[in-house]
Amino acid sequence: MTVVVNLVVSVLVIIVLQLLGMLIFSWMTPFKDMEELKKGNVAVGLAWGGKFLATAIILGVAAYTNTSIWFLAMWFGVGYVCLVASYWIFELATPSFKISEMLQKGNVAVAILLCMVFIGTAFAVSSLIV
């Protein structure tokens with residue numbers, strides 16, 4: 001019975017952390033992500049998908065390597081800070097345009113690159129989780 005309770009609690013914590021991570025990412029953009037998705041903005045969808053997958057990768061590795069909910073949450077926090085940092089570093093590395101403006105305009109090329117930046121960062125950071 002304890003195994004089932006631990007599993008349910010772990011899944012709930014992972015879901016809450018995933019949703020919290022996506023909420024924080026939505027605050028980082030000056031536009032309303034859900035409104036852009038409703039309009040069919042593929043660029044925003046790709047960027048959001050990359051964020052979701054990146055946070056899921058970090059959560060998955062943190063859950064796999066840690067038996068404690070607290071350590072899982074701590075490692076997610078560390079990984080999440082790295083994802084946010086990767087966004088701002090990408091913004092600094094592209095001074096000729098603003099990422100959020102390109103996404104809102106539907107620039108799929110920028111969205112794909114940002115998606116890969118998030119996923120790549122997640123894989124790199126996940127290799128450091130112990």
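Is L103 buried or exposed? L103 is buried, with a relative accessible area of 2%, where buried stands for under 20% relative accessible area, exposed for over 50% and partly exposed for values in between (1.4 Å probe, protein chains only). The views below come from a predicted model, in which local features need pLDDT of at least 70, side-chain atom pairs count only at pLDDT 80 or more, and totals for chains, interfaces and linings use all residues. Residues are numbered from 1 along each chain as its sequence is written, and side-chain values use heavy atoms, with hydrogens and water left out.

**View 1. The protein chain as a whole contains six helices and zero strands.** Helices (H or I, at least four residues) and strands (E, at least two) are DSSP runs, numbered from the N terminus. The C-alpha atoms fill a box of roughly 55 × 30 × 20 Å along the principal axes, and 40% of the 130 residues count as buried. Among contacts (heavy atoms within 4.5 Å) between residues at least 6 apart in sequence, 72% join residues at least 24 apart.

**View 2. L103 lies in helix α5, residues 99-104.** Leaving aside residues up to four places away in sequence, L103 touches F31, N41, A43, V44, A47, A111 and L114. The C-alpha atoms of L103 and V42 are 8.6 Å apart in space, although the two residues are 61 residues apart in sequence.

**View 3. Helix α1 covers residues 2-27 and includes L12.** With 26 residues at 1.5 Å a residue, α1 should span 38 Å, and its end C-alpha atoms are 37 Å apart, which agrees; the expected span is 1.5 Å times one less than the number of residues. The buried residues of α1 are L17, Q18, G21, M22, F25 and S26, and what covers them includes α2 (33-38), α3 (42-65), α4 (69-93) and α6 (108-126).

**View 4. Residues 6-28 and 69-90 are among those listed by UniProt, in an unreviewed entry, for "transmembrane region".** The entry also lists residues 40-63 and 110-129; UniProt positions follow the numbering used here, feature names are shortened, and annotations may be inferred rather than shown by experiment. In the model, residues 6-28 are 96% helix and 0% strand, with end C-alpha atoms 33 Å apart, whereas residues 69-90 are 100% helix and 0% strand, with end C-alpha atoms 31 Å apart.
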